[in-house]
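Q: I have a structure open and want to go through a few of its contacts. Can we take it step by step?

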Amino acid sequence: MRLVLPKASMLNSNDVFVLSYDITTYVWYGKGCSSLEMKVGDYIATTIVNKSAPMLGIHEGSEPAQFWALLGGKEEYADSITLATAEPVYPARLFHVSNAKGYIAIEEIVDFAQEDLIEEDVIILDCQDEVFVWVGAGANEEERSHGLELATEYISSDPTGRDPDAVTIYQIRQGHEPPNFRAHFAGWDFRFRTPKNKISVEDGVTLASDALAQLERDNYPYAELSDGKCPVGVDPCSKENYLDEDEFFRVFGMDRSKFQNLAKWRKINLKKEKKLF
């Protein structure tokens, strides 16, 4: 038993939750909870939480409006196919990806916990129907790209016969972990290793295919490179290298070879002038 905030986002299809207020105690049964968990939830509601209030058991998907109102309204919560299965065939697995030794190494972590999410590296969480590539705030570009590639290859070569087309692979950035990811770490602490450099919400969770395509891009429009932000995968000190030949000439008034022959100080001043430094 664990006390959590009374918010819909804290729900988990694999568990039972007890919500008590003055006149009723709700016991919410997730689709993937066991019969034992249901009995324990009922016991907690009637003997520990509120002995005087009547208990109302509700199954996931049949919640009354008052239940959601007490939680501050409906929100996204952990409800993946795996979590909604009482006894999943394959438990979640966690893999650590790092190039700290000079080469990309991948290692499985058993009995994993939130503390295993290392800020300087990349983590792959296999939840059977969903695979998450978690990118720490300090992970480098090589680790990010290899993590995405490894996750894709891992699913394609899975000996269990899993259909790769039935698996969704996501890239998630540290500090933007969705409920279906957090649900696999007992007692998730939202204060744990919050990154100093925050990114936008829309960049926090992306499909792995989109993230890979972004990393593999060779060219960006000048407007995107000069707006004060640096696209993922772009070297902030060499933004001019990501302009195509025509736009490079329009921006600098010379071709790339002539630009490269300029003195270093002159190139830096030009890049500052064009907001590419």
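Q: What does E240 form with K271?
A: E240 and K271 form a salt bridge, with the closest N and O atoms 3.4 Å apart. A salt bridge here is a side-chain nitrogen of Lys or Arg within 4 Å of a carboxyl oxygen of Asp or Glu.

Q: Where do E240 and K271 lie?
A: E240 is in the loop between helix 7 (222-225) and helix 8 (245-252), and K271 is in helix 10 (residues 264-273), so the pair ties together parts that are 31 residues apart in sequence. Helices are DSSP runs of H or I with at least four residues, strands are E runs of at least two, and both are numbered from the N terminus.

Q: Are E240 and K271 buried or exposed?
A: Both are buried. Buried means under 20% relative accessible area, exposed over 50%, and partly exposed in between (1.4 Å probe, protein chains only).

Q: How is this model made, and how are residues numbered?
A: It is a predicted model, where local features need pLDDT of at least 70, side-chain atom pairs count only at pLDDT 80 or more, and totals for chains, interfaces and linings use all residues. Residues are numbered from 1 along each chain as its sequence is written, and side-chain values use heavy atoms, with hydrogens and water left out.

Q: How many salt bridges does a search of the whole structure find?
A: The search finds 6. One of them joins D158 to R162, with the closest N and O atoms 2.7 Å apart. D158 and R162 are buried.
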